[in-house]
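Student: Can you take me through this one? I would like the overall layout, then some detail.

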Amino acid sequence: MPALVKAESARGMDLKQVPIPEIGKTDVLIRVQKTGICGTDVHIFQWDAWAAGRVKPPLVVGHEFVGVVERVGEAVEEFKPGDIVSGEGHIGCGHCYFCRTGQGHICRTMKIIGVDRNGCFAHYISMPQVNVWRVKPGIPHEVAAIFDPYGNAMHTVMAQPVNGRTVAVIGAGAIGLMACAIARAAGALQVLVVEPQEHKRKLALETGGGFAFDPREEGWEQSFRGHTPDEIGADVVLEMSGSAAGIHTAFKMVRPGGDVALLGIPPTAVGLNLAEEIIFKAVTVRGINGRLMFQTWYQCERFLLDHKLDLRPLITHQCSYRDYLDAFDLLEKGQAVKIVLNWEE
Ligand SMILES: [Zn+2]
Ligand SMILES: [Zn+2]
């Protein structure tokens with residue numbers, strides 16, 4: 001089958017023929033229809049320090065997908081051929097302290113598809129049945145393909161109360177934009193967005209953001225505070241950029257006593273002035289990793305079906321997997337938000 005493979009420890013990715021994966025008794029073989037390209041995939045493509053330290057080529061890349069069940073192992077009862085499914089790409093060991101106490105998303109020996117084991121940028125992927133997620137009718141397939149990052153956004157927004165509060169989102173990439181839509185639907189009073197790129201600021205205003213600020217513009221902090229009660233800052237700040245500047249902005253714009261949730265991953269250590277940025281301000285800080293299995297997935301489903309959340313505007317491009325080089329080029333240049341690759345011939 002064709003697959004996008006990280007073949008060597010170097011920049012790039014190759015479209016290669018690889019064997020269709022085998023399935024065990026409790027596995028599901030899924031014929032991939034659509035896949036989302038994530039920032040993580042771009043890091044693997046570029047072969048940055050993180051990727052070089054984590055990924056062991058050769059590896060089929062990709063972790064965001066929707067597909068059809070092709071075949072199931074003999075012990076699988078929950079799924080049958082023809083079912084439309086996505087999947088939780090974090091595969092826990094199932095028996096450690098974390099997996100057994102409902103915290104499988106931080107299992108210490110977790111394997112991530114497309115990072116630690118073969119992923120979904122291929123015609124087929126095999127997954128354990130416990131990780132397979134049935135896609136309900138009424139959910140567009142291109143949206144089902146991006147449940148993984150949508151779940152990251154949901155997990156981040158739901159990590160603290162947002163209803164009746166002023167929420168700020170730092171970084172309006174795909175996950176930041178999804179967080180705007182979720183926070184708004186979850187009853188945030190106001191969603192304030194901080195994003196240097198103009199096309200993403202525009203998109204933020206279409207997906208639930210009330211005001212969007214360019215952090216390179218003189219005086220933006222004052223006008224940001226002007227949209228918060230008594231100009232004290234945001235009750236909740238969701239940091240999605242992963243840049244040192246974005247992280248400092250998060251602590252600067254949160255009000256004293258507020259909440260900061262950190263999802264964006266800085267490539268290197270970030271120095272904080274703990275006394276000024278966190279302690280004296282009495283800020284509550286949360287690190288967010290992955291999605292809660294499977295509470296986050298149920299929330300994602302219900303927000304689409306009951307709140308009519310529409311994530312399609314942030315899928316800026318869809319193309320054939322054969323055009324993957326163009327897709328990675330657009331993402332590296334920051335000209336696309338979310339790109340979905342079609343795998344059906
Ligand atoms: Zn992803
Ligand atoms: Zn575990």
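Predicted model: local features only at pLDDT ≥ 70, side-chain atom pairs only at ≥ 80, totals over all residues.

Student: What does the C-alpha trace span along its principal axes?

Tutor: About 60 × 40 × 35 Å. The radius of gyration is 20 Å, which agrees with the value near 20 Å for a compact globule of 345 residues. That radius is taken over C-alpha atoms, and the globule rule is 2.2 Å times the number of residues to the power 0.38.

Student: And which domains does the assignment give?

Tutor: Domain 1 covers 2-146 + 311-342, and domain 2 covers 150-287. Such bounds come from an automatic or database domain assignment. The domain centres, taken over C-alpha atoms, are separated by 28 Å.

Student: How many residues are in contact between them?

Tutor: 11 residues of domain 1 are in contact with 12 residues of domain 2; contact means C-beta atoms, placed from the backbone, within 7 Å.

Student: Now the sheet. What is the strand order in the open sheet of 6 strands?

Tutor: The order is S13-S12-S11-S14-S15-S16, with parallel pairing. Two strands pair if DSSP finds at least two bridges between them. Strand S13 (211-213) and strand S16 (284-287) each have a single partner strand, so one side of each has no neighbour in the sheet.

Student: How many bridges join S14 and S15?

Tutor: Strand S14 (residues 234-239) and strand S15 (residues 254-262) pair over 5 bridges. Alanine 234 has valine 254 in S15 as its bridge partner.

Student: Last one: is valine 157 buried or exposed?

Tutor: Valine 157 is buried, with 28 other C-beta atoms within 10 Å. Buried means 20 or more such atoms within that distance, exposed 12 or fewer, and partly exposed in between, with C-beta atoms placed from the backbone. Valine 157 lies in helix H4 (residues 147-158).

Student: What is it in contact with, leaving aside neighbours within four places in sequence?

Tutor: Valine 157 is then in contact with Val162, Ala179, Ile182, Ala183, Ala186 and Leu238.

Key:
Residues numbered from 1 in each chain as written. Chains lettered and ligands numbered in written order. Helix = DSSP H or I, 4+ residues; strand = E, 2+ residues; numbered from the N terminus. Contact = placed C-beta atoms within 7 Å.
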